[in-house]
Amino acid sequence: MCTVEKRGNIFILTLTGDDDHRLNPTLISDIRSALSDIKSQSSASSSALITTAHGKFFSNGFDLRWAQSTGGGATFVDRLHHMVESFKPVVADLISLPMPTIAAVAGHAAAAGFVLALSHDHVVMRGDKGVLYMSEVDIGMTFPEYFNVLFKEKVVSAAARREILLHGRKLKAAEAKEFGVVDEVGKDGEDVVAKAVGLATELVKRKWNGEVYGEIRKGLYPNLCLELGLSKRTVVVPRL
């Protein structure tokens with residue numbers, strides 16, 4: 001489950017409910033619905049999104065217990081593939097959203113939860129506890145191709161990608177910032193959200209056109225957009 005709070009032109013999407021915030025079809029659908037509502041309510045002149053979560057985890061990745069459940073003749077692999085394909089449009093929604101986006105990571109973010117955070121323009125992480133962790137190499141799963149492309153275009157350092165993806169390195173905030181994954185570090189969960197709100201407030205003041213912003217973002221990640229099926233448009237909204 002998730003909730004959306006609107007503070008002026010800043011939208012705060014919060015994952016609620018259980019502590020893990022595992023990405024099963026229900027939560028994925030709720031996030032997509034929330035993002036659609038935010039997009040429809042956003043100001044053409046300037047808005048911003050903050051995504052955060054209650055509890056110990058920002059998100060603990062795909063819901064493997066749901067994938068292991070029986071019913072309808074679907075296998076574990078069938079259900080896992082369904083989650084992978086259902087989550088792909090969430091990444092596409094964030095990459096194409098017509099406003100700046102900030103992940104306020106106030107808890108652990110693992111696997112697809114890490115991808116959820118990295119799909120935002122900015123990541124703010126708490127410094128007192130919590131890790132970013134791509135667990136697939138440890139649990140015996142390969143990455144969906146859109147995960148690979150996201151990391152290649154978002155994490156510039158090949159050495160950092162090797163540590164994160166091949167070695168399953170659990171990154172605390174300071175190291176994540178050194179790797180270029182995190183932009184800012186907060187003291188604790190409350191400070192993370194406060195810093196995210198402060199950044200969003202400054203970005204909203206710039207009064208950028210949302211469509212222009214979103215299309216420029218797409219241009220930064222051409223291979224990811226190709227993998228996600230996003231097309232790029234030319235948008236001109238003169239301010240001079």
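Two strands pair if DSSP finds at least two bridges between them. Helices (H or I, at least four residues) and strands (E, at least two) are themselves DSSP runs, numbered from the N terminus. With those two ideas in hand, let us look at some close-ups. The model shown is predicted, so local features need pLDDT of at least 70 and side-chain atom pairs count only at pLDDT 80 or more, while totals for chains, interfaces and linings use all residues. Residues are numbered from 1 along each chain as its sequence is written, and side-chain values use heavy atoms, with hydrogens and water left out.

View 1. Strands of a sheet pair through backbone hydrogen bonds, either parallel or antiparallel.

**View 2. The hairpin of strand 1 and strand 2.** Here the two strands run antiparallel, and 6 bridges join them. Arg7 has Ile10 in strand 2 as its bridge partner. The hairpin has 2 residues between the strands, and Gly8 takes a positive phi near 65°.

**View 3. Helix 1 and its buried side.** Which residues of helix 1 are buried? They are Leu27, Ile28, Ile31, Ala34, Leu35 and Ile38. Buried means under 20% relative accessible area, exposed over 50%, and partly exposed in between (1.4 Å probe, protein chains only). The buried residues pack against strand 1 (2–7), strand 2 (10–15), strand 3 (48–53) and helix 3; contact means heavy atoms within 4.5 Å.

**View 4. Asp93 in helix 3.** Asp93 is found in helix 3. Is Asp93 buried or exposed? Asp93 is buried, with a relative accessible area of 18%. Not counting residues up to four places away in sequence, Asp93 touches Arg32 and Leu35.

View 5. A pair of aromatic rings is described by the distance of the centres and the angle of the planes. Rings of Phe, Tyr and Trp (its six-membered ring) pair if their centres lie within 6.5 Å; planes under 30 degrees apart count as stacked, over 60 as edge-to-face and the rest as tilted. By this rule the count comes to 6 aromatic pairs. In one of them, the ring centres of Phe62 and Phe87 are 5.7 Å apart and the planes are at 90°, so the pair is edge-to-face. Phe62 lies in the loop between strand 4 (57–59) and helix 2 (64–68) and Phe87 in helix 3 (residues 76–96), so this pair ties together parts that are 25 residues apart in sequence. Both Phe62 and Phe87 are buried. Phe114 and Phe151 are also edge-to-face, because their ring centres are 5.3 Å apart and their planes are at 80°. Phe114 in helix 4 (residues 112–118) and Phe151 in helix 6 (residues 145–154) are 37 residues apart, so this pair links distant parts of the chain. Phe62, Phe87, Tyr146 and Phe147 form one aromatic cluster.

**View 6. Charges over rings.** A charge sits over a ring if NZ of Lys or CZ of Arg is within 6 Å of the ring centre and within 35 degrees of the ring normal. The charged end of Arg79 is placed this way over the ring of Trp66, 4.7 Å from its centre. Lys170 lies over the face of Tyr133, at 4.8 Å from the ring centre.

**View 7. Tyr221 between two helices.** Tyr221 lies in the loop between helix 10 (210–220) and helix 11 (222–228). Tyr221 is buried, with a relative accessible area of 13%. Leaving aside neighbours within four places in sequence, Tyr221 is in contact with Glu153 and Lys154. The C-alpha atoms of Tyr221 and Glu153 are separated by 6.2 Å, although these residues are 68 residues apart along the chain.
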